[in-house]
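Good morning, and thank you for coming. Today I shall walk through one structure, with attention to its charged residues. Please look at the display as I speak.

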Amino acid sequence: RKRVLSGVQPTGSLHLGNYLGAIRQWVKNQDEYESFFCVVDLHAITAPHDPKRLRQETIEAAALYLAAGIDPSKSTIFVQSHVLAHTELTWLLNCVTPMNWLERMIQFKEKAIKQGENVGVGLFDYPILMAADILLYQADLVPVGEDQRQHLELTRDIARRFNDQFCNKKAKRRKVFRDPAALIVTEGARVMSLLDGTSKMSKSAENDGSRINLLDSPDTIRAKIKRCKTDASLGLEWDNPARPECTNLLNIYLAVTEGAGATKESVLEEVAGMNWGAFKPVLTEAVVAHLEPIQRKYRQVMEDPEHIEQILTQGATDADAIASQTLGWAKDAMGFYSLGRK
Ligand code: TYM
């Protein structure tokens with residue numbers, strides 16, 4: 001069976017972009033693949049964070065994985081900082097990765113501008129920690145949104161460089177790392193802001209009206225969609241470059257009705273003739289209906305914190321078994337002295 005690894009940062013509440021771009025794919029594929037889903041708390045501290053909230057946000061993110069349909073009897077759910085190999089492999093990979101590979105990362109450049117002069121080394125190193133996450137589990141596939149494509153390519157480059165350098169014919173060693181591929185969906189891979197159809201829906205945007213959080217109440221969702229940016233054209237259409245908001249809202253509508261059999265064609269048939277005033281309530285109800293069962297399950301899950309802890313404890317044990325093994329191979333290949341071994 002192919003192996004999957006992915007993760008979401010526990011910063012603030014997760015939004016529709018995280019769900020449609022990533023988590024929904026995890027749920028869909030968990031029967032087919034051996035899956036590892038990680039709450040990447042070590043990544044969450046690469047931007048200024050609130051120590052009083054990190055623990056709770058980590059638990060909430062794990063609860064949302066469960067509420068969205070990740071089944072702990074099929075998939076491993078764990079917290080990144082509970083498996084020490086992530087930080088250790090990051091250091092090893094730091095020492096085989098050229099600085100200029102990281103300097104090219106678009107997301108670093110974007111986030112660094114926001115953090116100004118105080119931008120931390122951790123933010124620069126973020127993609128290597130992500131590479132370590134993926135490579136430790138020998139993942140074949142990594143289901144993520146479009147914005148993570150470049151990080152995935154970097155991960156492959158790092159894996160190849162390590163294998164070439166330390167696992168060549170001369171060293172008579174099998175490759176330590178497997179080449180992972182990005183798994184990026186066509187719909188939902190890039191959910192855009194409600195206030196600007198050309199920028200990504202994101203947790204860090206200051207205006208909460210720009211995103212739909214998975215735990216927003218129906219009233220909040222209604223209000224956000226009511227105020228979202230539209231245009232003055234008549235009718236609704238897909239992929240008109242002059243109407244990015246229109247494409248985005250149709251994409252969201254399709255993504256949340258797909259489960260009920262909707263296709264691009266059926267959506268067009270239904271809504272092409274509508275104006276914004278008619279479409280917005282239809283979209284609102286579809287989003288609310290899609291999130292309702294997730295929210296209900298979330299409340300249930302959160303009522304039993306011990307159960308969440310049990311799942312994360314088991315998850316850490318299972319993840320650690322695999323991660324430690326890969327880490328051991330990597331250290332052997334690099335020539336570290338390991339006690340008790342000749
Ligand atoms: P994060 O928390 O920023 O995003 C989590 C996932 O959500 C996707 N995503 C989106 N998809 C569609 N439209 C959007 N507007 C949108 N915003 C976010 C992201 O692509 C991602 O899949 N660096 C990763 C976390 C990570 C990771 C990993 C992922 C750390 N280690 C290992 C995979 C494998 C991230 O972007 O987190």
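**Salt bridges, a patch and a strand**

The structure holds 21 salt bridges, a salt bridge being a side-chain nitrogen of Lys or Arg within 4 Å of a carboxyl oxygen of Asp or Glu. Please note that this is a predicted model, in which local features need pLDDT of at least 70 and side-chain atom pairs count only at pLDDT 80 or more, while totals for chains, interfaces and linings use all residues. Residues are numbered from 1 along each chain as its sequence is written, and side-chain values use heavy atoms, with hydrogens and water left out.

Let me begin with Glu57 and Arg53, whose side chains meet in a salt bridge at 3.0 Å, N to O. Both residues lie in helix 3 (residues 51–68), 4 residues apart, which is about one turn of the helix. Helices here are DSSP runs of H or I with at least four residues, and strands are runs of E with at least two, numbered from the N terminus. Is Glu57 buried or exposed? Glu57 is buried, with a relative accessible area of 13%, whereas Arg53 is partly exposed at 38%. Buried means under 20% relative accessible area, exposed means over 50%, and partly exposed lies in between, using a 1.4 Å probe and protein chains only.

Next, consider Arg160 and Asp179, which form a salt bridge at 3.3 Å, N to O. Arg160 lies in helix 8 (residues 149–166) and Asp179 in the loop between helix 8 and strand 5 (181–183), so this pair ties together parts that are 19 residues apart in sequence. Arg160 is partly exposed at 36%, and Asp179 is partly exposed at 35%. These two residues belong to a network of salt bridges that also includes Arg156 and Asp157.

A further salt bridge joins the side chains of Glu146 and Arg149, at 2.8 Å, N to O. Glu146 is partly exposed, with a relative accessible area of 28%.

I turn now to strand 1. Why is strand 1 described as largely enclosed by the rest of the structure? The reason is that 5 of the 6 residues of strand 1 (residues 3–8) are buried. Strand 1 pairs with strand 2 (residues 34–39) in the parallel sense over 6 bridges; two strands pair if DSSP finds at least two bridges between them.

Finally, Ile128 in helix 7 (residues 121–136) is buried, at 1% relative accessibility.
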